[in-house]
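This briefing is for a reader meeting the structure for the first time. It takes single residues, then helices, then the ligand and the domains.

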Amino acid sequence: MIVVGAGLSGLTCALRLAESGVPVTVLEAADEVGGRARTLSVGRHPLDRGFQSLFLAYPRTARLLRDVGIRRRDLVPFDRGAVVHDGASWVRMSASPSGVMRFPAFSAGDVRRLAALASEVAAAPSARVLAGDERHATALEYLQGRGFTERAIDGFFRPLFGVITADRDLGSDAAYLRFLVQMMLRGPAVIPVEGHGMISRWAAARVRQLGGVVRMGARVAGIVTAPDDRGHARGVTVDGVGAVAGAAVVVATEAPAARNLLADLDRQCARALDVRPRGVTSLAYELDASFHSGRTIILNGEAETGPARIDLVCQESNLLPSAPADAGARLLATSVDGPDGGADPGALEEAMTALAGRWNPGFPWARCARLVEVIRQPWAQFAVPPGVRDALPGPQTAVGNVFIAGDVTAHPSIEGAVVAGERAARAAREMVAATRSSGGA
Ligand SMILES: Cc1cc2nc3c(=O)[nH]c(=O)nc-3n(C[C@H](O)[C@H](O)[C@H](O)COP(=O)(O)OP(=O)(O)OC[C@H]3O[C@@H](n4cnc5c(N)ncnc54)[C@H](O)[C@@H]3O)c2cc1C
């Protein structure tokens, strides 16, 4: 069986197939596994391709981590939560649910409303929360409808969920927001100790241990079907290599690549993959001195900062001890792209310098901070306004032995990718079982 793409969804799928004894080959175009959750090496530092965090409460991801051997001690929590700077002062958003409730932007009514929301989602199964009727409204409409004050929305929900969903307009469907609230209430956000790429590297190692193959630098150009075999897939073609045979194909790429690969095989599925991107631009800095302390993120809660806006700053070296102690500090500054795309990196650099001056006036930013990498991810996530998640394709395409994984069949997150990989593996296993019981190959 061939899996196209070695991001989290492709590797989860390959792992579950290999565990069931299905021979599997993963073909990855890049020279490393991990896709959007890959960790680069810049200088002597591990560097995530843009800031992200995973919630320890992500149910399927927690199982994946356990199965590939990543333990609780390998996951570093943001134990000091987040800090919001509203342009005038710092406000700490403690990591605990009761700490969140004490957030100063909340009126007494907002605290009651948040407590009610928390108690609604606390015990419910995540799948039910995601499928709830709230998915018909945007997060903003939902929060307004529940009576949250503008201050709570602009001071808390927008800076926090605007970054998590790469959408400061809070246009994602409200059931997805409720799912994220549930994840935050159930446990801390964490980063694997070697960066997010650790999950994929360990998953790929486990696939190989189980006899699977993971090949890098293998860009799949097309899926090969045989007209004399009821249009079933025979394998794929790989740039510079040629045909690679397989009993089935799982497409586990980002949506645009999946759309291209499936365009001639299943037009309806390809059309359903025509989702809108949410982009993120990240600036990675090396610092001679520490800009901020603690395992925390700094969220930009300023109402107006112009078109080049830094939304989140995190000194990742406070969390990841995997760089040598004398290698200085490393900081990621994240900017959520606007509707017209990402801001010019030069303008973002200026915005970061200005922000550093406002946030930490004594810090010699110009002297201490060196920009080492600009990471543009126009396809960081896909937008999930109301209706979009309902229209996403399932794992089965119109071709019996071609399946689709990728977060785009679930929701735009690490957990979405893992869920999608598991679903595709289940569908592919069922096909194998059906073929065997009907006496096929
Ligand atoms: C900056 C950023 C911040 C994020 N923040 C968070 C967060 O805080 N929390 C969270 O839960 N999620 C976050 N996400 C989302 C999360 O990282 C993704 O949802 C998840 O990693 C998607 O995994 P995937 O396997 O579906 O896709 P990908 O990771 O995109 O994997 C697809 C793979 O397919 C490969 N590929 C593509 N075309 C071909 C081809 N033709 N042949 C072979 N290989 C191919 C690609 O190279 C890639 O490796 C963030 C993402 C980004 C980029």
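Pro23 counts as partly exposed because it has 13 C-beta neighbours inside 10 Å; the limits are 20 or more other C-beta atoms within 10 Å of a residue's own for buried, 12 or fewer for exposed, and partly exposed in between, with C-beta atoms placed from the backbone. The model is a predicted one, in which local features need pLDDT of at least 70 and side-chain atom pairs count only at pLDDT 80 or more, while totals for chains, interfaces and linings use all residues. Residues are numbered from 1 along each chain as its sequence is written.

**Pro23**

- Pro23 sits in the loop that joins helix 1 to strand 2 (25–27); helices (H or I, at least four residues) and strands (E, at least two) are DSSP runs, numbered from the N terminus.
- From C-alpha to C-alpha, Pro23 and Leu210 are 9.1 Å apart in space, although 187 residues apart in sequence.

**Val224 and Thr237**

- Val224 belongs to strand 11 (residues 220–225), and Thr237 to strand 12 (residues 233–238).
- Val224 is partly exposed because it has 15 C-beta neighbours inside 10 Å.
- Thr237 is also partly exposed, with 14 C-beta neighbours inside 10 Å.
- Not counting residues up to four places away in sequence, Val224 touches Ala233, Arg234, Gly235, Val236, Thr237 and Ala243; two residues are in contact if their C-beta atoms, placed from the backbone, lie within 7 Å.
- With neighbours within four places in sequence left aside, the contacts of Thr237 are Ala221, Gly222, Val224, Gly242 and Ala243.
- Val224 and Gly187 are 37 residues apart along the chain, and their C-alpha atoms are separated by 45 Å.
- For Thr237 and Arg278, 41 residues apart along the chain, the C-alpha separation is 30 Å.

**Positive phi in a loop**

- Most residues other than glycine have a negative phi.
- Ala166 has a phi near 50°, a positive value in a residue other than glycine.
- Leu170, also not a glycine, has a positive phi of about 55°.
- The loop between helix 7 (150–164) and helix 8 (174–186) holds Ala166, and Leu170 is found in the loop between helix 7 and helix 8 as well.
- Ala166 counts as buried because it has 24 C-beta neighbours inside 10 Å.
- Leu170 is buried too, with 20 C-beta neighbours inside 10 Å.

**Helix 4**

- Helix 4 (residues 108–122) has 15 residues and spans 21 Å from its first C-alpha to its last, close to the expected 21 Å at 1.5 Å a residue; the expected span is 1.5 Å times one less than the number of residues.
- Asp110, Leu114 and Val121 are the buried residues named for helix 4.
- Those buried residues fall within an arc of 35° seen down the axis of helix 4, so they line one face of the helix; the arc is that of the directions from the helix axis to the C-beta atoms.
- Ala108, Gly109, Ala116 and Ser119 are exposed on the other side of helix 4.

**Helix 12**

- Helix 12 (residues 345–359) also has 15 residues, and reaches 20 Å from its first C-alpha to its last, close to the 21 Å expected at 1.5 Å a residue.
- Buried in helix 12 are Leu348, Ala351, Met352, Leu355 and Ala356.
- These residues lie on the same side of helix 12 because they cover an arc of only 140° around the axis.
- Strand 15 (277–287), strand 18 (329–336) and helix 13 (365–368) are what the buried residues of helix 12 pack against.

**Around the ligand**

- The ligand has 37 residues around it, of which Gly5, Gly7, Gly35, Gly50 and Gln52 come nearest; a residue is near a molecule if its C-beta atom, placed from the backbone, lies within 6 Å of it.
- At least two residues of the shell come from each of helix 1 (8–19), strand 19 (369–382) and helix 14 (414–437).
- Helix 14 gives the largest share of the shell, four residues.
- The shell has 17 nonpolar, 14 polar and six charged residues; Ala, Val, Leu, Ile, Met, Phe, Trp, Tyr, Cys and Pro count as nonpolar, Asp, Glu, Lys and Arg as charged, and the others, Gly among them, as polar.

**Domains**

- The chain is divided into domain 1 (2–39 + 57–69 + 194–275 + 386–437) and domain 2 (96–186), with bounds from an automatic or database domain assignment.
- Taken over C-alpha atoms, the centres of domain 1 and domain 2 are separated by 32 Å.
- Six residues from domain 1 and ten residues from domain 2 take part in the contact.
- On the side of domain 1 that touches domain 2, four residues are nonpolar, one is polar and one is charged.
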